[in-house]
Amino acid sequence: MTSGRRRLLEARTVLSASSDSSVRALNTRRVLRAVMVLPATQVQLARRTGLSQATVSGVVGRLQQEGVVEVDEGEGERGKRVRVAPMRGAAVGIEVGHDRLIVALRRIDNEEVLHQGGNRLVVGRDDRAWVGEAVRLIDDLLESTGMVAADVVSIGLGLPAAVDPRRGRVNQSVTAMKEDLRGNPATWFEEHYPGVPVVVDNEANFAAYGEYTYGVGRDAEVLLFVKASTGIGAGLVIGGTVFRGRHGFAGEVGHLTMDPNGLVCRCGNRGCLETLVSGPRLVEEVRQAYRGHRVDLPMTLAGLIERARAHDPVCVRVLQDAGRNIGLALARVCNIVNPDLVVLGGELGEAGDLVRKHAARDLERNVLTGMLEHEHPVVVRVSELGLLAGPRGALAFALSNEPTAQPSSF
Ligand SMILES: [Zn+2]
């Protein structure tokens with residue numbers, strides 16, 4: 001490895017250089033992966049990896065000698081950030097939404113994230129057309145960074161489904177994509193990126209991890225992320241670990257029963273949060289309010305939000321009430337998991353304070369007051385990464401976790 005100064009290192013080689021399972025090798029890879037996800041000081045690396053500062057210090061010293069990592073010049077020993085040396089390699093994150101596809105890609109040695117969105121998906125067919133579309137987007141991004149398929153070291157794949165933490169298979173999906181999600185998702189990219197580990201999880205779980213790693217939730221102890229778009233999902237990051245539950249359903253707030261006599265939901269139950277605040281439902285409410293009037297009606301949630309920003313009173317009210325319903329649902333979740341931070345993301349998160357203020361107010365009204373009166377009260381913030389929270393979280397999660405024969409389970 002000492003010749004690394006002359007020849008550009010390859011991330012794939014570096015990560016498999018010491019593939020033995022000794023504690024020392026495992027710790028080395030854990031620190032190296034954490035540095036690849038995000039340059040950090042040794043104190044931060046110790047917190048992120050759960051290793052002692054002495055262990056991190058030893059690992060960083062060795063990797064620095066081998067030319068694999070570099071340490072920034074900075075004020076004081078603890079202010080020095082550790083980063084990977086220039087090397088070939090790319091990490092990929094994919095988010096498959098109900099009706100869109102987003103791919104994020106990053107060079108291992110560069111913090112800049114490139115991303116591309118796919119066209120609206122043709123869903124409900126058993127041919128997984130979206131896999132080919134994802135490959136096209138990834139290859140485009142690789143080309144723009146001067147890399148090729150063989151440089152990809154990891155792929156995180158976020159799906160609109162509950163993913164079994166032990167088997168990595170879809171346990172339930174309440175979208176038109178059901179047919180597309182049968183089988184073993186970890187194998188779908190094998191033909192295009194042979195040997196590259198694919199880590200699969202629910203897309204809201206990855207979005208929560210994205211905000212925890214790169215966004216507004218950096219280093220939150222218990223983070224609850226709500227993704228409100230076409231559907232409503234949530235992810236929990238507890239002590240840096242994504243909490244999935246036994247069957248992968250943890251955080252399915254969209255199907256909390258809000259009204260036992262309400263509308264039937266697409267999941268088959270009645271009165272779920274989604275029957276009140278899903279994107280299509282909100283658009284429908286606006287259309288009903290304006291029925292018979294000569295008004296240009298919004299067709300999408302994005303269109304509705306745009307009109308609310310232009311002070312359309314119906315659109316403003318619909319978003320306010322959506323915020324209130326979400327706040328009430330979240331208060332119930334808060335009383336169970338007691339987060340320090342609630343992040344509002346997805347398309348409704350893009351509406352910012354039009355929704356957040358009202359969600360926060362109803363959450364505060366219904367949560368146990370001790371959570372608010374504490375010196376570190378629970379707070380509600382808007383997502384910092386926006387629609388990239390999911391793909392960036394998928395990228396970070398797959399890169400930071402050592403691939404195993406079975407997907408890592410909680
Ligand atoms: Zn439901």
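**Close-up 1. Helices α3 and α4 pack at an angle of about 115 degrees.** The model is predicted. Helix α3 spans residues 42-49 and helix α4 residues 53-65, and their axes lie 9 Å apart. The two helices are therefore roughly perpendicular to each other. Their crossing is right-handed. From α3, the contact draws on Gln-42, Val-43, Leu-45, Ala-46 and Thr-49. From α4, Gln-53, Val-56, Ser-57 and Val-60 take part. By class, the contact residues are 5 nonpolar and 4 polar, with no charged ones.

**Close-up 2. Helices α6 and α14 cross at roughly 80 degrees.** Helix α6 covers residues 203-214, helix α14 residues 389-400. Their axes come within 6 Å. That angle makes α6 roughly perpendicular to α14. On the α6 side, the contact is made by Glu-203, Phe-206, Ala-207, Tyr-209, Gly-210, Glu-211, Thr-213 and Tyr-214. On the α14 side, the residues are Ala-389, Gly-390, Arg-392, Gly-393, Ala-394, Leu-395, Ala-396, Phe-397 and Ser-400. This contact divides into 9 nonpolar, 5 polar and 3 charged residues.

**Close-up 3. The zinc ion sits in a tetrahedral site.** Its protein donors are ND1 of His-255 and the SG atoms of Cys-265, Cys-267 and Cys-272. These donors lie 2.0 to 2.3 Å from the zinc ion. Angles among the 4 donor atoms run from 103 to 122 degrees. For four tetrahedral donors, the ideal angle is 109.5 degrees. Along the sequence, the donor residues of the zinc ion follow the spacing H-x9-C-x1-C-x4-C.

How values were computed
Residues are numbered from 1 along each chain as its sequence is written. This is a predicted model: local features need pLDDT of at least 70, side-chain atom pairs count only at pLDDT 80 or more; totals for chains, interfaces and linings use all residues. Side-chain values use heavy atoms; hydrogens and water are left out. Axes are lines fitted to C-alpha atoms, for helices over the stretch in contact, and angles run from 0 to 180 degrees between N-to-C directions. Helices (H or I, at least four residues) and strands (E, at least two) are DSSP runs, numbered from the N terminus. Angles under 35 degrees count as roughly parallel, over 145 as roughly antiparallel, 65 to 115 as roughly perpendicular and the rest as oblique. A crossing is left-handed if the near helix is turned anticlockwise from the far one by less than a right angle, and right-handed if clockwise. Contact means heavy atoms within 4.5 Å. Ala, Val, Leu, Ile, Met, Phe, Trp, Tyr, Cys and Pro count as nonpolar, Asp, Glu, Lys and Arg as charged, and the others, Gly among them, as polar. Donors are N, O and S atoms within 2.8 Å of the metal (3.2 Å for Na, K and Ca); water is not among the atoms, so sites may look incomplete. Four donors count as tetrahedral if all angles lie between 85 and 135 degrees; four count as square planar and six as octahedral if opposite donors are over 155 degrees apart and all others between 65 and 115; anything else is irregular.
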